[in-house]
Amino acid sequence: MSAPGVAFVFPAFASDYKEDQPHLIQGYTELLRDLLRKASDQVNAPLYRFDPLTKNFLDHELFNQYISFIQGCTCSILLRENRLNPGMVAGYSMGIYASLFDSGSITLETGLELIRNAYCEIETITKDQNFSMISVIGLCSDDIHQLIDHVDPDTEISNRNGPFSFVLSGHVSSLEDIIAKAKEEGAIHTHLFTVHQPYHSGFLKGTEPGFSSFVNKVHVLKPLTPIISVIDQKELTSPEQVRRELVRNLFQPLDWYQTHLKLTALGNTVFIECSPLNTLSKIARFLPGNVKYYSPLNAMNSPLFPDF
Amino acid sequence: MMARIDENIRNEVKNVVYNFFADECEVDKASINDQTNIIKDLDGDSLMFLELIEIFKKKYDLDIELKTIGKYAVKHPVSTIGQLIEMQMLIIEHENRLLDLEK
């Protein structure tokens, strides 16, 4: 039985690792290690050596995505085993894979294959180019568009986290110039991500044929828990819609702000961030609505969920 | 109209800032003082600064654009709790005319 008003949200892959609360959930470390071992065999990568303290895979963009996916799946499994089933689900950026796992649409194995294939397609498209992403906080949409027009019109807004919070994708040199200009214009916070790909932008449109062909071959089920698209905020109700979402997630801009508003409009007031991170909780501090974010551990300890 | 800053407001701002960082950074409030470095000592970040601004905007119904604060902060960077409190006082006092202080 699902808990009305409770949404599971899954963040993108990490820009930092923290030895954080989900590790304290009973069984987390054991299950994570088990899944990492299985994943290592499947994708032929030493994921079992993952160590959040030494941050050994932080700079490996593909391994980092695998690990975040497995962490999300681990949280999902444990929360559900403890009888907390969300009424709704959403996956931020590459959190889409863990959100689909949680909703019963794909298996762990399929998720890993999707991540690997998507990354191969992306690398092929962006070979020999120097891309990244940045966040700019404190400027409005018009300000951001003016900066882009001024510096490099090819740069794209790839996500909106709030009315004054944006993520941009583009060439590194352009993004660095935009950061400098944004500071002059009064941006309070700017950050160049460690990623080397321009996720959620038209730069990756070329991934569509290859990734679409792969996605059409994998086993995708109808989501058992309603899942909200971070691109257009519609509910994904069929395998076809899930497939389409997976493909366009690579090259279409996201709008986490609207997704948050949609989730709250649908009656969700409790959000559980299924991860060791608190990225989405931090973003939510600036969003409207009377909502509360929980880490998996805090959710388990909350009187809101007496069954725990 | 420019707000008048009295000792009550100053104490109120100080209390909000101290409580905010004690909560956010999960440290004992007694361990924070005006010389505490927000990044080095508390592992704080500019997002916290932004959140505090939002708290004070609501609390005092301030008319100020974020980018006005951003432009001021570039020239007057904040690193300690004391400096942050002083900036918040200026924001409350001058609102969107904050940059006039530069003239």
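Before anything else, I wrote down the handedness rule: a crossing is right-handed if the near helix is turned clockwise from the far one by less than a right angle, and left-handed if anticlockwise. I also noted that this is a predicted model.

**Entry 1: confidence**

I checked the scores before the geometry. The predictor assigns the complex a pTM of 0.90 and an ipTM of 0.78. Which elements of chain B have the lowest and the highest mean pLDDT? I noted helix 2 of chain B (residues 46-59) as the lowest, at 86, and helix 4 of chain B (residues 81-94) as the highest, at 94. A reminder to myself: where pLDDT is low, the predicted coordinates should not be read in detail.

**Entry 2: helix 4 of chain A**

I then turned to helix 4 of chain A, which runs over residues 108-126. Its 19 residues reach 27 Å from the first C-alpha to the last, close to the 27 Å expected at 1.5 Å a residue.

Which residues of helix 4 of chain A are buried? I listed A:Gly111, A:Leu112, A:Leu114, A:Ile115, A:Ala118, A:Tyr119, A:Glu121, A:Ile122 and A:Ile125. I kept a general point beside that list: an α-helix has 3.6 residues a turn, so residues three or four places apart point the same way. The buried residues of helix 4 of chain A pack against several helices of chain A, namely helix 1 (28-43), helix 2 (61-81), helix 3 (96-102), helix 7 (208-215) and helix 8 (239-248). After helix 4 of chain A comes A:Asp128, with a positive phi near 65°.

**Entry 3: helix 4 against helix 7, chain A**

How do the axes of helix 4 and helix 7 of chain A cross? I found that they come within 9 Å and cross at roughly 165°. Angles over 145 degrees count as roughly antiparallel, so helix 4 and helix 7 of chain A are roughly antiparallel to each other. On the helix 4 side I noted A:Asn117, A:Ala118 and A:Glu121, which meet A:Gly210, A:Phe211 and A:Phe214 of helix 7 of chain A. A:Ala118 and A:Glu121 are also among the buried residues of helix 4 of chain A.

**Entry 4: helix 7 against helix 8, chain A**

I followed helix 7 of chain A on to helix 8 of chain A. Their axes cross at roughly 150° and come within 9 Å, and this crossing is right-handed. Helix 7 of chain A makes the contact through A:Glu208, A:Phe211, A:Ser212 and A:Val215, and helix 8 of chain A through A:Arg243, A:Leu246 and A:Val247.

Helix 2 of chain A has 21 residues and spans 30 Å from first C-alpha to last, close to the 30 Å expected. Of those 21 residues, 16 are buried, so helix 2 of chain A is largely enclosed by the rest of the structure. A:Arg83 follows helix 2 of chain A and has a positive phi, near 65°.

In the loop between helix 1 and helix 2 of chain A I looked up A:Asn44 and A:Asp59. Phi of A:Asn44 is positive, near 55°. Why does A:Asn44 count as exposed? A:Asn44 has 9 C-beta neighbours inside 10 Å, and 12 or fewer makes a residue exposed. A:Asp59 is exposed too, with 10 other C-beta atoms within 10 Å. The C-alpha atoms of A:Asp59 and A:Ser15 are 8.7 Å apart, although 44 residues separate the two in sequence.

A:Ser93 sits in the loop between strand 2 (85-91) and helix 3 of chain A. Phi of A:Ser93 is also positive, near 55°. Buried or exposed? A:Ser93 is buried, with 22 other C-beta atoms within 10 Å.

**Entry 5: two glutamates in chain B**

B:Glu51 is in helix 2 of chain B and counts as partly exposed, with 16 C-beta neighbours inside 10 Å. What does B:Glu51 touch? I found A:Arg285 and A:Phe286.

B:Glu95 lies in the segment after helix 4 of chain B and counts as buried, with 20 C-beta neighbours inside 10 Å. B:Glu95 touches B:Leu62, B:Asp63 and B:Ile64.

Note on methods
Residues numbered from 1 in each chain as written. Chains lettered and ligands numbered in written order. Predicted model: local features only at pLDDT ≥ 70, side-chain atom pairs only at ≥ 80, totals over all residues. Helix = DSSP H or I, 4+ residues; strand = E, 2+ residues; numbered from the N terminus. Expected span 1.5 Å × (residues − 1). Contact = placed C-beta atoms within 7 Å. pLDDT = per-residue confidence, 0-100. Axes fitted to C-alpha atoms, helices over the stretch in contact; angles between N-to-C directions. Parallel < 35°, antiparallel > 145°, perpendicular 65-115°, else oblique.
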